[in-house]
Amino acid sequence: MKLGFVGLGTMGRPMATRLLRAGHEVAVWARRPAALAPLVEAGASACASPAAVARDAEIVFTIVTYGSDVEAVVFGDRGLAAGFAPGSVLVDMSTIAPGLARDIAARLAERGVHMLDAPVSGGGVGAEAGTLAIMAGGDAAVLERVRPLFAVLGKTLVHVGGNGAGQVAKACNQMVMVAAIEAVAEAMRLAAAAGVDPEKVRQALAGGSAGSRVLEVFGERMTRRDFAAGVEARLHHKDFGIVLQEAHAMGLPLPATAAVGQQLNALMAQGWGGCDTASLLRVLERGGPD
Amino acid sequence: MKIGFLGLGIMGRPMALNLLKGGHELVVWARRAESMAPLADAGAQTGSSPADVAGRVDVVISMVADAPDVAEVMLGDNGVAAGARPGLVAVDMSTIAPAAAQDIAVRMREKGIDFVDAPVSGGEVGAIAGTLSIMAGGSAEAFARAKPAFDCMGRNVVHVGDAGAGQVAKACNQIVTGMGVMAVAEALCFAQKAGADPAKVREALLGGFANSKILENHGQRMLDRNFKPGFKSWMHQKDLNIVMQSAHALGLMLPGAAATAQMFNAMVGSGLGEEDSIAVLKLLEKLSGQQ
């Protein structure tokens with residue numbers, strides 16, 4: 001199939017590479033030309049603009065950082081919208097606000113272009129291995145067209161609902177995950193302050209009801225004091241901005257999420273936005289006993 | 001001085017009336033024509049658009065709901081910028097995000113208009129009595145030109161700094177008042193559930209370091225269970241959202257304000273948005289099984 005891919009960062013590069021290896025033709029564009037080189041070597045064709053990508057492809061994937069980036073790539077000067085033929089599909093796998101995803105879908109629908117919001121969980125590791133969890137929002141028939149491609153990228157695919165529903169699920173994912181990271185960080189902090197080996201505590205917890213993937217992965221990063229990014233904390237910070245805006249708009253109290261959001265603000269203030277979110281432990285260490 | 005006033009709601013109407021009482025010539029405009037009637041009866045002229053008003057005055061003041069409204073009134077079609085005379089000072093007294101105020105100031109300056117952000121504290125009562133606190137951001141010259149108007153509407157008028165500084169001060173004000181209302185409501189709930197008379201507790205606290213205007217005024221209204229606004233919960237929720245969005249953008253940890261903002265979310269979501277912000281007391285009582 002003729003595909004397009006825009007956004008070749010930590011997530012996009014391995015995802016586009018997997019689609020190539022599965023035998024698809026992939027046209028690519030990235031803001032930084034340097035990001036194109038590894039894909040071109042792997043067989044992708046480089047385009048001069050998102051519009052050119054859309055002209056060449058039946059289905060185009062995007063995975064960029066901010067909602068404003070998605071808008072610019074789709075509706076900006078020489079954006080995807082300028083190249084899409086009616087009936088083509090945009091699959092946006094970025095994490096953006098549900099309301100914005102619905103808005104973009106509606107604007108594309110006016111041109112006869114379909115859209116799925118399909119954010120993912122699983123990080124760079126999951127993108128390389130093709131084991132991402134994909135949460136999709138949009139029309140079921142459109143999703144069926146894209147399903148074989150999703151199978152190349154991820155291990156689980158859930159059709160959550162209509163446009164925007166995938167982003168709602170992703171927002172929920174981020175709330176649960178980062179709150180869990182904060183809980184693990186606080187437990188590790190308590191253990192250390194009480195004079196107990198945090199790694200032993202972590203191992204003890206892993207066998208019981210507090211056991212979780214977050215305890216396993218992020219807990220170990222904390223006890224090894226390895227704060228190099230798996231997922232950059234600034235991205236979780238960005239996502240918490242989205243979640244808390246949604247809560248505001250709906251008049252919904254999310255007290256624990258709001259508290260965790262403040263810990264993320266403090267993390268950013270320490271200059272650790274480019275480090276792993278396990279750095280929430282280091283935020284806690286800024287207060288209380290040495 | 002010839003002054004224009006745009007936006008004649010709960011706050012704008014009494015503020016405009018105080019400008020008339022102060023002896024200024026006034027030209028008013030409001031989106032709903034019927035809002036202009038009480039001002040016209042009191043001696044104000046009416047304008048057909050913000051641009052029309054701006055072309056007839058030395059200082060124009062807006063008092064509207066949110067940042068998009070301010071941008072529309074100042075820079076939209078038939079906005080202030082479209083009709084301004086050279087030397088016009090434009091003042092916005094709405095509460096909006098500091099970054100939005102700075103952006104509007106820059107765009108107004110590009111059109112040769114001095115812009116002052118001057119949000120207020122003191123509510124409808126202060127607006128009627130002309131005793132508002134006014135916190136202004138903008139150039140010293142523009143502030144000086146608008147000062148006679150401010151003096152008719154407020155008692156505590158402070159030039160905080162450059163463009164946006166007034167809104168920063170207002171955001172700080174909303175942190176202190178939002179958490180203040182929460183603190184008083186929590187204390188009175190605590191007293192009630194722990195078996196002490198909340199009225200007596202309030203009276204005892206008034207003599208010590210916990211004394212504050214909020215304990216005095218809001219505390220009394222909580223005891224009277226008078227939840228009429230005042231200052232509506234949804235507006236405080238909006239203002240706390242400005243605070244929290246600014247904190248997010250700045251990388252600033254505000255744990256207390258964040259917790260308070262969630263309670264205000266809950267108020268709006270539970271249908272208490274139109275009541276005074278002291279209705280947070282009702283929410284606390286409900287959550288603690290005191291109702």
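Predicted model: local features only at pLDDT ≥ 70, side-chain atom pairs only at ≥ 80, totals over all residues.

How many residues does the contact take from chain B, and how many from chain A? I looked this up first. The contact takes 18 residues from chain B and 18 residues from chain A.

**Chain B's side of the contact.** I checked which helices take part. H12 (233-250) and H13 (255-269) of chain B each supply at least two residues of the side that touches chain A. H13(B) gives the most to that side, with ten residues. Sorting the side by class, I get twelve nonpolar residues, six polar and no charged ones.

**Chain B as a whole.** I find 14 helices and nine strands in chain B. Its radius of gyration is 20 Å, close to the 19 Å that the globule rule gives for 291 residues, so chain B is as compact as a globular protein of that length. The C-alpha trace of chain B spans about 65 × 45 × 35 Å along its principal axes. Of the 291 residues in chain B, 52% are buried. I also looked at contacts in chain B between residues at least 6 apart in sequence: 65% of them join residues at least 24 apart.

**Domains in chain B.** Chain B is divided into domain 1 (2-161) and domain 2 (168-287). I have their C-alpha centres 29 Å apart. Nine residues of domain 1 and twelve of domain 2 make up the contact within chain B. The domain 1 side of that contact has five nonpolar residues, three polar and one charged.

**Domains in chain A.** Nine residues of domain 1 of chain A are in contact with twelve residues of domain 2 of chain A. On the domain 1 side in chain A I get six nonpolar, three polar and no charged residues.

**The core.** Which residues have the most contacts inside the largest nonpolar core? They are Val28(A), Val28(B), Val60(B), Ala185(B) and Val280(B), in a core of 185 residues. Helix H9 (residues 165-193) of chain B gives the most to this core, with eleven residues. A general reminder for myself: in soluble globular proteins, nonpolar side chains tend to be buried together.

Last, I picked out Val280(B). Setting aside neighbours within four places in sequence, Val280(B) is in contact with Val181(B), Met182(B), Ala185(B), Met263(B) and Met267(B). Ala185(B) is also on the list of residues with the most contacts inside the core.

Terms used
Residues numbered from 1 in each chain as written. Chains lettered and ligands numbered in written order. Core = buried A, V, L, I, M, F, W, Y, C linked by C-beta atoms within 7 Å. Buried ≥ 20, exposed ≤ 12 C-beta atoms within 10 Å, placed from the backbone. Helix = DSSP H or I, 4+ residues; strand = E, 2+ residues; numbered from the N terminus. Contact = placed C-beta atoms within 7 Å. Nonpolar A, V, L, I, M, F, W, Y, C, P; charged D, E, K, R; others polar. Domains from an automatic or database assignment. Rg over C-alpha atoms; globule rule 2.2 N^0.38 Å.
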